[in-house]
Amino acid sequence: MKKFLIFVVISTFIFRYISEKKFNYPYYNMIGYKMPVEKYVLLDITGIVFGIRKFVSDIAWIQLLQYYGSSEDTQECNEHNHLHCEHGRNYGGGKYYDLLKLTQRIIRLDPYFIYAYLYSSASLTWNLNRPEEGLSLLKEGISNKLLQRNPEYWQLHLYTSAIIYKMTDKYYRMIDILEKAVKQKNCPVMVKAILANIYKKTNNYIKSLNLWIEIYESNNPDYRNYAEKQINLLKEKIKLKL
Amino acid sequence: MTQLKIEMNQILLISLYTLKENFRNRTYLVSIFFGVITIIISILIDVLGGEQPLRIILDFGLSTIEFFSLLMIVFIGSNMILEEINNKTIYLILVRPISRWYYLVGKYLGLLLSVYLSIILMSILHLILLFLKGWKFDILYFISIFFLGIKIAIIGSLAIFFSLFSTSNISSMIFTFFIWILGHFVMEIKFLMKKLSLVPKFFLTIVYYIIPNFTFLNWRDYIGSANIDFSVLYIFIYSVSYCICFLFLSILLFQHKEF
């Protein structure tokens, strides 16, 4: 019996060693990897310790949506002359200085959460007009070797080129790239709204209308009412033009 | 051959008896109840996830299944034998011509069977919710449930070992939870080892190889990573031999135990 026990112990160690050699841990080590939002460090570490980092990254994602979806504390609106202005809320206008850090928190917990890169980089670039921050987020994803085998990895490059075109004022090239982006399955509705607004600005009402119809039909509760308003507005503009 | 059949039959009978016993266990039933409720609640939470409802339901559900199966295995596994010793019901079995190790293996298998049944129940419910929300079939889901089962088997063997080793159910539960945490923290321990001097490194290396490596089995966190290229077979053999190892140590302790 003891011989059998010795045999089992030895084989356990041998297979542990072999498994370790074969095992490609798909995350970066958290020690020495600074978490960007200090007040959530304890929660993040708990998630890692209990082996639920994806679940914690989902919580971080919900926290980001709540932060970005609510009005900023003392946001003064000169245009409408009152505090807590909700103007532009539907398409995420405002300052939201913590958006970058909150997204970095998500992608450090789960670097494979491609949607978070796309959503936040687009928000930072086109809604909050901080393309440098959007670009830094995408760069973090692109430089992550673990992410390179992900089938959606190429979209990070796509968004990067769109942001670079925006920064260099190559507007029509940026539109070409965004047109490719909105055709993707996991494209955030917000990016579609951004492109529809760009079309509207460039007087391309029919393309804008088509996109708003697509957004309306996606049944996203955050955009449905706003899309309806835009559809009616664009229909009138097209009639006037005709 | 007939002798082996009789022996296997004895183990099977003890397993089925343990299974029936667990069906009457309040901790077991309450854990299943709360597990099912929590999975259903994930439908409400998915609304908060914006355009990622499926991801929220998937991660939340899988974490819930793991959490409640962990609760079951730790609470029941740590109490199972100690309770029988304290109630003296163990004498009723051990006075019969049954070897002590049959009893222990039967108990362990019965415990695993009852936790696996609850995992299957919660997974079916979770899958129904996922399919209702338009989830597309992913084999990694089933692989992560399979490896969760292996994780549970390892924790079960450790819970029984600690319950025989420590004689107090609370301390054995604490030890088992501690191993659960350390098992998920091994990659960080490995990273720390590189930064230490020779003597502490040596001791930490021993600890590192004794504690189970749950990062091998944490496939729930690897869904969508596309980086899984390690050999499943080696991990499976390692996990099974780890279970056998601690079950054997438990048998050794149990055989030398005086009642």
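Modeller: Happy to! Buried here means under 20% relative accessible area, exposed over 50%, and partly exposed in between (1.4 Å probe, protein chains only). A salt bridge is a side-chain nitrogen of Lys or Arg within 4 Å of a carboxyl oxygen of Asp or Glu. This is a predicted model, where local features need pLDDT of at least 70, side-chain atom pairs count only at pLDDT 80 or more, and totals for chains, interfaces and linings use all residues. Residues are numbered from 1 along each chain as its sequence is written, and side-chain values use heavy atoms, leaving out hydrogens and water.

Let's start with A:K166, in helix α7 (residues 154–167) of chain A; helices are DSSP runs (H or I, at least four residues), numbered from the N terminus. A:K166 is buried but has no salt bridge, and the nearest side chain of opposite charge, A:D169, is 6.8 Å away; Lys and Arg count as positive, Asp and Glu as negative, with His and the chain ends not counted. Its side chain does make a polar contact with that of A:N129 (3.5 Å).

Now to the paired residues. B:R55 forms a salt bridge with A:D110, with the closest N and O atoms 2.7 Å apart. This pair crosses between chains, from helix α3 (residues 53–86) of chain B to the loop between α4 (99–109) and α5 (114–127) of chain A. Both B:R55 and A:D110 are buried. B:R55 also forms a salt bridge with B:D59, at 3.8 Å between the closest N and O atoms. A salt-bridge network links A:K54, A:D58, A:D110, B:R55 and B:D59.

Definitions and conventions: Chains are lettered from A and ligands numbered from 1 in the order in which they are written. Helices (H or I, at least four residues) and strands (E, at least two) are DSSP runs, numbered from the N terminus. A polar contact is a pair of N or O atoms within 3.5 Å; within protein, one must be able to donate a hydrogen and the other to accept it, and residues adjacent in sequence count only if both atoms are side-chain atoms.
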